[in-house]
Amino acid sequence: MERWRGLEDVPADWGRCVLTIGVFDGVHRGHAQLIERAVELAAKRGVPAVLMTFDPHPMEVVRPGSHPAQLTTLTRRAELAEELGIDVFCVMPFTREFMKVTPESYIHDILVGRLHVVDVVVGENFTFGKKALGTVDLLREAGRKFGFGVEGLSLLAGDAVTFSSTYIRSCVDAGDVAAAAAALGRPHRVEGVVVHGDGRGRTIGYPTANVKPPMHAAIPADGVYAGWFTVLGAGPVTGTVTPGERCRAAISVGTNPTFSGRTRTVEAFVLDGDADLYGQHVAVDFVERVRGMETFASVDELVAQMDRDVVRTREVLAAG
């Protein structure tokens with residue numbers, strides 16, 4: 001899959017394509033429906049399938065400081081898009097200048113003049129251009145004029161809930177990672193770099209990887225979770241954890257109230273392995289919440305509960 005940073009990366013001899021447009025944060029089941037339809041149309045037309053997304057999130061430019069919690073990194077978004085069959089992953093820098101592009105210029109200069117679209121696949125509520133005045137109806141009207149097709153797909157829903165990034169963020173924020181996974185089509189993932197913590201976990205028999213996520217990452221509510229831990233990239237890693245291997249993990253999110261902690265952290269205890277993970281880029285996938293965060297009267301009580309958490313974590317992951 002090719003990856004473009006803006007229109008400057010479009011080859012001079014670029015032909016035609018099928019395009020799907022959106023932020024695609026999460027690449028959830030609704031997004032997958034759009035992507036799969038674009039890939040299907042592209043195969044029929046014999047042209048590449050292009051996904052256009054934006055960085056930073058448009059809300060951060062429209063209203064600085066309002067960046068929503070991020071469900072996926074750009075790198076993860078590209079990986080998921082590639083798995084779904086996308087040929088080109090195009091990241092448009094969302095600037096104040098880009099924000100002012102009129103819908104008409106957006107269509108004429110970008111979709112027609114630069115990308116030569118034959119079909120555009122978007123959600124039925126898709127808007128674009130200055131002040132979000134561009135609509136699916138406007139796209140269809142332009143398509144009749146310039147000779148490209150437009151499909152505005154209905155939003156995917158399940159159990160009377162419409163799958164959207166907003167809905168998934170609310171699930172993650174509430175700690176309902178199982179509901180988030182149902183909408184995503186996979187467990188919610190938090191990536192980050194393993195950094196040094198206070199080292200207390202190793203002294204009580206539970207060494208943890210302290211994962212520092214990127215800014216704006218969507219972190220689940222405080223509590224203990226069953227999930228998976230993966231070292232991304234090629235390593236090297238000293239110990240029994242192999243890069244790329246998915247390991248069972250009990251994951252703690254919170255401030256460690258038993259020790260009067262103040263900093264909110266994401267810490268993963270790998271159940272069946274031990275390694276020197278400092279500096280490693282890792283992923284933590286949240287499967288199910290085991291319990292909420294609690295304050296214990298003693299370290300012994302905390303350790304006894306952690307023993308139970310590990311047992312429950314094994315049960316949850318074995319069932320899944």
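Visitor: What makes up the accessible surface of this protein?
Guide: This is a predicted model, and its accessible surface comes to about 15000 Å². Carbon and sulfur atoms own 51% of that area.

Visitor: Why is Cys90 called buried?
Guide: Buried means under 20% relative accessible area. Cys90 sits at 1%, so it counts as buried.

Visitor: And what makes Cys171 buried?
Guide: Cys171 has a relative accessible area of 7%. The cut-off is under 20%, so Cys171 is buried too.

Visitor: How much of the protein counts as buried?
Guide: That label goes to 48% of the 320 residues.

Visitor: How do you know how many disulfides there are?
Guide: A disulfide is a covalent bond between the sulfur atoms of two cysteines. To be called one here, a pair of cysteine sulfur atoms has to lie within 2.5 Å. By that rule the count is zero. Take Cys90: the nearest cysteine sulfur belongs to Cys17 and is 9.5 Å away. The rule asks for a pair within 2.5 Å, so Cys90 is in no disulfide.

Visitor: What about the charges, where do their mean positions fall?
Guide: There are 33 positive and 40 negative charges, and their mean positions are 4 Å apart.

Visitor: How many helices and strands are there, and what does the C-alpha trace span?
Guide: You'll find ten helices and 16 strands. Along the principal axes, the C-alpha trace spans about 75 × 40 × 35 Å.

Conventions. Residues are numbered from 1 along each chain as its sequence is written. This is a predicted model: local features need pLDDT of at least 70, side-chain atom pairs count only at pLDDT 80 or more; totals for chains, interfaces and linings use all residues. Side-chain values use heavy atoms; hydrogens and water are left out. Helices (H or I, at least four residues) and strands (E, at least two) are DSSP runs, numbered from the N terminus. Buried means under 20% relative accessible area, exposed over 50%, partly exposed in between (1.4 Å probe, protein chains only). Accessible areas come from the Shrake-Rupley method with a 1.4 Å probe; for residues, only the protein chains shown count as cover. Lys and Arg count as positive and Asp and Glu as negative; His and the chain ends are not counted. The place of a charge is taken as NZ of Lys, CZ of Arg, CG of Asp or CD of Glu.
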